[in-house]
Amino acid sequence: MAPSTPLARLARRLRQHQSFLLFCLRFCLYSVLAFAVLFALQDQVVEPFTRGIAWVTYKLMRAVGTPVWLDGVTVGVPNFSVMIRNNCNAAYEMGLLTAATLAYPAPGSRRATGILFAFLVLYVVNLIRVLSLLYLGYLLPGFFEAAHVYVWQVLFLVVLAGLWLSWVGRVRPVA
C-alpha cells in the first residue's frame with residue numbers, strides 16, 4: 001500500500017465531512033444574501049418594521065397606564081427614552097436564522113414553518129426586550145446599559161440558537 005500524501009489525506013477528511021462543509025458554505029452564502037437584502041430594503045422594509053415595533057411598544061405601555069410618548073422609532077417615558085435601531089429590531093437576527101434554516105437540508109415546507117415560527121418568537125422576545133429595557137431605564141436607569149449591552153444580547157443569542165437547534169432536532173434531514 002502506497003503512503004498517502006498530505007493532499008490525499010486532506011481530501012479524504014473533507015469527503016468524510018462533506019455534508020457539514022456544504023451546510024457551512026450554504027450558511028455563509030445565505031447569510032451574505034440575507035444581510036444584503038436587509039441592507040437593500042432598509043427604507044422599504046426594515047425602517048417600517050422598526051417603527052412598527054416602536055408603535056406596538058407604545059400601545060402596550062399605554063394599555064397598562066404608563067405615561068409614554070412615541071416619535072418615529074423613539075419611545076419615551078418621563079426622563080428616559082430609547083431609540084430602536086437596527087441592532088434592536090431583531091431584523092438581522094431573523095436574517096441569520098433564515099440563512100441557517102435555508103442552509104439545512106430539510107424539506108421546504110418544514111423550512112418555511114420553522115422560519116415563520118422563529119420570526120414570531122423572535123418578534124415577541126424582542127418586544128419583551130424593548131419593553132423591559134424601557135421600564136428598566138425608567139425605574140432603574142443605572143442598570144439600563146448593563147442590561148442592554150450584556151444581559152439582553154446574550155439572552156437574545158441564546159433564544160436564537162435555541163430556536164434553531166430545537167427546529168433541527170425536530171426535522172429529518174433530506175439527502
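Me: In which helix does leucine 134 lie?
Reply: Leucine 134 lies in helix α5. Helices are DSSP runs of H or I with at least four residues, strands are E runs of at least two, and both are numbered from the N terminus. This is a predicted model, where local features need pLDDT of at least 70, side-chain atom pairs count only at pLDDT 80 or more, and totals for chains, interfaces and linings use all residues. Residues are numbered from 1 along each chain as its sequence is written, and side-chain values use heavy atoms, with hydrogens and water left out.

Me: Why does leucine 134 count as buried?
Reply: Its relative accessibility is 0%. Buried means under 20% relative accessible area, exposed means over 50%, and partly exposed lies in between (1.4 Å probe, protein chains only). So leucine 134 counts as buried.

Me: Which residues is leucine 134 in contact with, leaving aside neighbours within four places in sequence?
Reply: They are Thr57, Met61, Val75, Val77, Phe80, Ser81 and Val82. Contact means heavy atoms within 4.5 Å.

Me: What makes a nonpolar core, and how many residues has the largest?
Reply: A nonpolar core is a set of buried Ala, Val, Leu, Ile, Met, Phe, Trp, Tyr and Cys residues joined through side-chain atoms within 4.5 Å. The largest has 37 residues. Leu134 is among those with the most contacts inside it, as are Met61 and Trp167. Helix α6 gives the most to this core, with nine residues.

Me: Why is threonine 98 called buried?
Reply: Threonine 98 has 18% relative accessibility, so it counts as buried. Its place is in helix α4. Threonine 98 touches Ile115 and Phe119, not counting residues up to four places away in sequence.

Me: At what angle do α2 and α4 pack, and how far apart are their axes?
Reply: The angle is about 145°, and the axes are 8 Å apart. Axes are lines fitted to C-alpha atoms, for helices over the stretch in contact, and angles run from 0 to 180 degrees between N-to-C directions.
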